[in-house]
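The exercises below ask you to read a protein model step by step, and each task is followed by a worked solution.

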Amino acid sequence: MKNIIFIILLALSSQLHWTSGQLIRDTRCFLENGATAAHLFVSEDMKVGEIVGPLAVLGDPGPKGDIELRLKEFDSPVVFSPYSRNLTLARPLDKEGIDGPASVYVNVICERKQTLDPGFIIPVNIRVTDANDNAPQFINAPYVLNISEVTVVGTRVLQGVRAIDADQPGPYSTVQYSILDGPHSDFFIFANALEGTLVLRKPLDYETLSNFSVGIKAQDQGNPPQSSTTVLYVNVIDADDQNPVFLNDQYRISVPLNIKTAQDSTRVRAPSSVGHVQHTERRRSRAEHERSERSQQPEQRRVGLSELVHLLGRSAGLVGAHLARGVRVEASEETLLERRRQGSIEKLVYKMDFLEKRVKRTEELLYYVISGNNKAKQPCAKNFTRVGQFCYHMSNREYDWKSSASLCRAMGGNLVEFESIEENQDVVAMLQSDKKIRKSYWTGGLNPGLLWIWAASARPVHHDTKQNVIGDGRCLKLEYEPSSRTYMYRGEDCSQKHRFICELSNDDESVNKIERIAKDILEILHNEE
């Protein structure tokens with residue numbers, strides 16, 4: 001009985017101290033302000049070894065102190081510094097939870113020295129705060145923009161620019177877009193700094209600048225901010241924005257008066273060379289002067305080019321005779337008389353070559369008609385297959401539109417451009433006839449922002465094919481529908497990968513034109529019979 005009373009008194013003495021005649025309670029291992037748990041805040045960019053914060057506990061944890069502190073967990077990212085209340089970072093922290101824990105919860109055991117009391121458990125919650133430790137990252141970069149040179153200033157030309165910041169929602173993850181300074185930075189501007197929508201700011205001109213690149217920057221709102229950059233590659237597509245222009249202001253030809261013609265004089269037309277001619281202006285006073293000069297030459301009569309071709313096309317012998325008599329072409333130049341004579345000689349040589357080519361084509365046309373269209377087709381190049389009038393290559397592998405166009409040009413052709421409904425039907429029939437090639441294919445169609453055109457020839461797609469295009473993409477795909485076993489046009493994202501159809505380029509397109517003309521002539525003769 002005495003032993004039990006002694007143990008009870010010993011336990012009470014551990015909880016109570018006698019000071020100045022008063023009995024007080026032992027508050028060692030209690031938290032300050034009577035809290036039941038400790039809360040600490042730490043930034044995720046804190047370095048390993050730095051102090052997270054002190055534990056506000058009563059007592060002295062020093063070498064000669066009256067309390068001892070230790071952690072219950074063995075794998076905690078924080079540890080106690082020896083003989084102190086300070087918690088120290090042992091492993092990196094990460095608010096995003098990628099490179100370390102996003103929060104820490106540990107239990108601290110506090111033991112009172114020189115007593116038999118069990119240790120006190122103090123919960124400690126360490127909250128990790130976000131830091132601007134991530135830079136914005138662009139999605140699907142770098143970017144490629146194919147844009148027509150006739151696109152109107154103010155048009156939204158690209159809406160796919162996007163960058164993501166991995167930091168927590170707030171200023172550290174708010175991204176602003178801007179154009180980097182450079183030689184071509186004035187062509188585009190972002191409609192809103194917080195949105196990745198590019199707007200055309202300056203007119204484009206294919207003849208001056210056909211392709212260029214622009215730097216784009218994405219930056220967050222941290223202090224200091226984090227940023228990243230990428231490149232926008234711009235391909236300007238040629239359009240019919242140039243007027244036809246003559247190489248010289250005036251052409252005159254002298255023909256003997258005893259030659260009978262089928263029609264009166266006509267104006268000579270200038271062929272349009274899209275994107276390869278420059279604008280010229282003719283002064284009204286000079287035009288009046290040239291008309292006055294021509295009116296003073298009664299021995300000469302103006303003859304149009306169409307009339308001249310009619311005369312020369314009557315027979316090869318007649319053309320040779322006219323050339324022997326000396327068909328003289330003079331070009332008026334704004335230079336001295338000597339330079340005018342030199343220009344006339346150059347034009348004469350050019351005209352002679354032109355007439356010889358026309359005679360040669362006439363002979364080919366006549367031979368084609370007379371031979372009854374029995375001329376055998378020339379074989380296609382390697383890896384190409386003849387379908388109708390043209391040669392095609394169907395790829396076995398899938399590429400994006402830009403890579404497909406580059407590979408096709410390297411093979412000596414262009415992505416297929418259907419000139420007529422018949423050509424479209426021939427190719428589709430060939431694809432449907434073989435299960436191995438019954439796939440979807442890239443074509444040469446492109447939508448720079450206004451309408452669908454064929455990229456190589458700049459001709460409108462709708463005008464030739466009479467078909468509408470569905471889909472939001474800017475590149476034209478010939479899509480196969482397995483359910484209906486039919487093909488249709490669809491606008492597809494140019495970065496998607498599909499097979500492609502390559503059409504072999506013909507260096508001498510006039511051969512095909514002659515064959516088509518001859519075919520029309522034969523049909524007319526057949527109908528008359």
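## Exercise 1: Strand E24 and its partners

Strand E24 and strand E25 (residues 453-454) run antiparallel and are joined by two bridges. The model is a predicted one, in which local features need pLDDT of at least 70 and side-chain atom pairs count only at pLDDT 80 or more, while totals for chains, interfaces and linings use all residues. Residues are numbered from 1 along each chain as its sequence is written, and side-chain values use heavy atoms, with hydrogens and water left out.

Task: find which residue stands opposite Leu446 in E25, and which strands E24 joins in the antiparallel and the parallel sense.

Solution. Begin with the terms: strands (E, at least two residues) are DSSP runs numbered from the N terminus, and two strands pair if DSSP finds at least two bridges between them. In E25, the residue opposite Leu446 is Ile453. The hairpin of E24 and E25 has six residues between the strands, and there Gly449 takes a positive phi near 140°.

Next, follow E24 to its other partners. Strand E26 (residues 475-481) runs antiparallel to E24, with three bridges between them, and Leu478 of E26 stands opposite Tyr441. Strand E28 (residues 499-504) pairs with E24 in the parallel sense over two bridges, and here Tyr441 stands opposite Arg499.

Finally, consider the surroundings of the strand. Buried means under 20% relative accessible area, exposed over 50%, and partly exposed in between (1.4 Å probe, protein chains only). Six of the six residues of E24 (residues 441-446) are buried, so this strand is largely enclosed by the rest of the structure.

## Exercise 2: An open sheet and a nonpolar core

Task: give the order of the four strands in the open sheet, and name the residues with the most contacts inside the largest nonpolar core.

Solution. The four strands follow the order E3-E9-E8-E5, with mixed pairing. The edge strands, each pairing on one side only, are E3 (38-43) and E5 (67-71). E5 runs antiparallel to strand E8 (residues 103-112), to which five bridges join it, and Ile67 stands opposite Arg112 in E8. Arg112 forms a salt bridge with Asp117, the closest N and O atoms being 3.7 Å apart; Arg112 is buried at 6% relative accessibility, while Asp117 is partly exposed at 23%.

For the core, take the set of buried Ala, Val, Leu, Ile, Met, Phe, Trp, Tyr and Cys residues joined through side-chain atoms within 4.5 Å. The largest such core has 25 residues, and Val52, Leu87, Val124 and Ile126 have the most contacts inside it. Contact means heavy atoms within 4.5 Å; leaving aside neighbours within four places in sequence, Val124 is in contact with residues including Ala38, Leu40, Leu87 and Val106.

## Exercise 3: Confidence

Task: decide which strand of the protein chain has the lowest confidence and which has the highest.

Solution. The scale is pLDDT, the predictor's confidence in each residue, from 0 to 100. The mean pLDDT of the protein chain is 76, and 65% of its residues reach 70 or more. Confidence is lowest in strand E20 (residues 328-331), at a mean of 39, and highest in strand E17 (residues 211-219), at 94. Over residues 297-333 the pLDDT is below 50, although this stretch has 76 contacts in the model beyond near neighbours in sequence. Where pLDDT is low, the predicted coordinates should not be read in detail.

Conventions:
Salt bridge = Lys/Arg side-chain N within 4 Å of Asp/Glu carboxyl O.
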